[in-house]
Amino acid sequence: MAGEGPKLLWNPENVKDVAESIGINLTEEPLRVLTQDVEYRIGQVVVEALRFMRAANRTTLTVQDVSQALRVLDVEPLYGYDSTRPLRYGEASIGPGQPLFYIEDEEVDFEKVINAPLPKVPRDMSFTAHWLAIDGVQPSIPQNPTTAETSSKDLLPKGPGANPAVAALAGNDNVAFRPAVKHVISKELILYFDKVQAAIMDDDPDEEKTRLRSAALDSVRSDPGLHQLVPYFVSFINNQVTHRLDDLFVLRQMMELTGAILENPSIFLDPYASSLAAPVLTCLMARKLGGSESSLEGTDALKDQYRLREVAASLLGTIARKYSKTNALLRPKLTRTCLKFFLDPSKSPAVLYGAISGLAAAGGPEAVRILVLPNLKMFDEGILTPLREKGEASHFEYEALVGGIMKAIETLVEGITLPVVADVAELEREGQLVIEFLGRTIGERVARLGNQHLNRGILEVRHLE
């Protein structure tokens, strides 16, 4: 009995039946060896099938798992058993102790099959093209969502987790926001973003820290591999400007970071132009920059605030010029926003200064000629004259605002070489007409420039009214 070998789990009679069906008669020893091999092969198939089952996170072994296991083992798969429904096995007895298992076939009623309605004929596959948006405006076509669907989304509850920008403006700093699509970036880029962020936000006046800030901005300005970080930089700038309006250093750093991103020739920023313009407009025309009113009483603090608005105006002009070709509505929108603030008499002189600077930078000389010059006389009477009458307390703001308007007017003749004017009487006559058209404050300063080309350019606008 010791030489019989291990006990077999697979029934040797099954192997014998198969061998006899093809005309082979096996003795006891070959039958035992062949049964051991069959047992090993079936166990190998079951192990591979279980791997497919676990990979699909299932607990039930299916026919597809076995078929995939046979393909992996380079064995011809079984045919006729690929079914999505569970198989039902029946048992029949062909003798004492010899059960036979078989798959029960479903009985089909031919009358029901014949009388069943025919399925619909499937449509042929086709492709059509439509405009999702034209110049940033969505056309009203059946393929696009309707206005009713869009407005219904606006009526949804807007809690801290619904809109992070609204929650930030409301003062909710701990905003939980889960994007619809997961954006995966490398650990190196994440580390780079953290290092740049830390360097820019460090307000230590130490020379080494200052050099590190400059190096971080230079890297953003010239690195060609920052495409994946653009949305993170844009979000970072928007959040800092929204939450840190009381810190001039942070605002100035955000404007410098915006300028560095705009100067990078390797970054495609056209889809982010409007998002970048929003924090720039905030720094340009915010009512208060750098803390409370009491902290801005010093001339140096006011000068820092006005310098920040000048930087923001320059960035706004860069955005308007650089991305107006791909977004036709961008430049008119920026110009219209600045004009609205400039013509509002309730705004402070600092806001008005930012508005005229931004309008001249974004709209260019033509916007100044068409939109600003016809309104300057009313602006002089309603804003400049009352501001001048306040005396020494508002002298700096008055001079800064008048200087901003003069700088915008002088853009009308930038790059033009002027001939020497000999007729002084004609120049004086044009100066009087300019004073009548623009108002006394601005008109006198323009007349003192003695620029005949500028005078005639201003007087031509009278015929446009």
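Visitor: What makes Phe193, Tyr232, Phe233 and Phe236 a cluster?

Guide: Ring pairs link these four residues. Rings of Phe, Tyr and Trp (its six-membered ring) pair if their centres lie within 6.5 Å; planes under 30 degrees apart count as stacked, over 60 as edge-to-face and the rest as tilted. The whole structure holds six aromatic pairs. This is a predicted model, where local features need pLDDT of at least 70, side-chain atom pairs count only at pLDDT 80 or more, and totals for chains, interfaces and linings use all residues. Residues are numbered from 1 along each chain as its sequence is written, and side-chain values use heavy atoms, with hydrogens and water left out.

Visitor: Why is the pair of Phe193 and Phe236 called edge-to-face?

Guide: The centres are 6.1 Å apart, and the limit is 6.5 Å, so the rings pair. The planes make 80 degrees; the label needs over 60, so edge-to-face applies.

Visitor: What does this pair tie together?

Guide: Phe193 lies in helix 7 (residues 187–201) and Phe236 in helix 9 (residues 230–243), so the pair ties together parts 43 residues apart in sequence. Helices here are DSSP runs (H or I, at least four residues), numbered from the N terminus. Both Phe193 and Phe236 are buried.

Visitor: How do you know that Asn451 is buried?

Guide: Buried means under 20% relative accessible area, exposed over 50%, partly exposed in between (1.4 Å probe, protein chains only). Asn451 has 14%, so the residue counts as buried. Asn451 sits in the loop between helix 18 (440–449) and helix 19 (452–459). The Asn451 side chain reaches the backbone nitrogen of His453 at 3.2 Å.

Visitor: What about Leu289, buried or exposed?

Guide: Leu289 has a relative accessible area of 0%, so this residue is buried. Leu289 belongs to the loop between helix 11 (273–285) and helix 12 (299–323).

Visitor: What makes a set of residues a nonpolar core?

Guide: The set holds buried Ala, Val, Leu, Ile, Met, Phe, Trp, Tyr and Cys residues joined through side-chain atoms within 4.5 Å. The largest such core has 92 residues; Ile405, Ile409, Leu438 and Ile442 have the most contacts inside it. Helix 14 (residues 349–372) gives the most to this core, with 12 residues.

Visitor: Which residues does Leu438 touch?

Guide: Contact means heavy atoms within 4.5 Å. Not counting residues up to four places away in sequence, Leu438 touches Leu373, Leu376, Lys377, Asp380, Ile409, Gly443, Val446 and Ile458.

Notes
Helices (H or I, at least four residues) and strands (E, at least two) are DSSP runs, numbered from the N terminus. A polar contact is a pair of N or O atoms within 3.5 Å; within protein, one must be able to donate a hydrogen and the other to accept it, and residues adjacent in sequence count only if both atoms are side-chain atoms.
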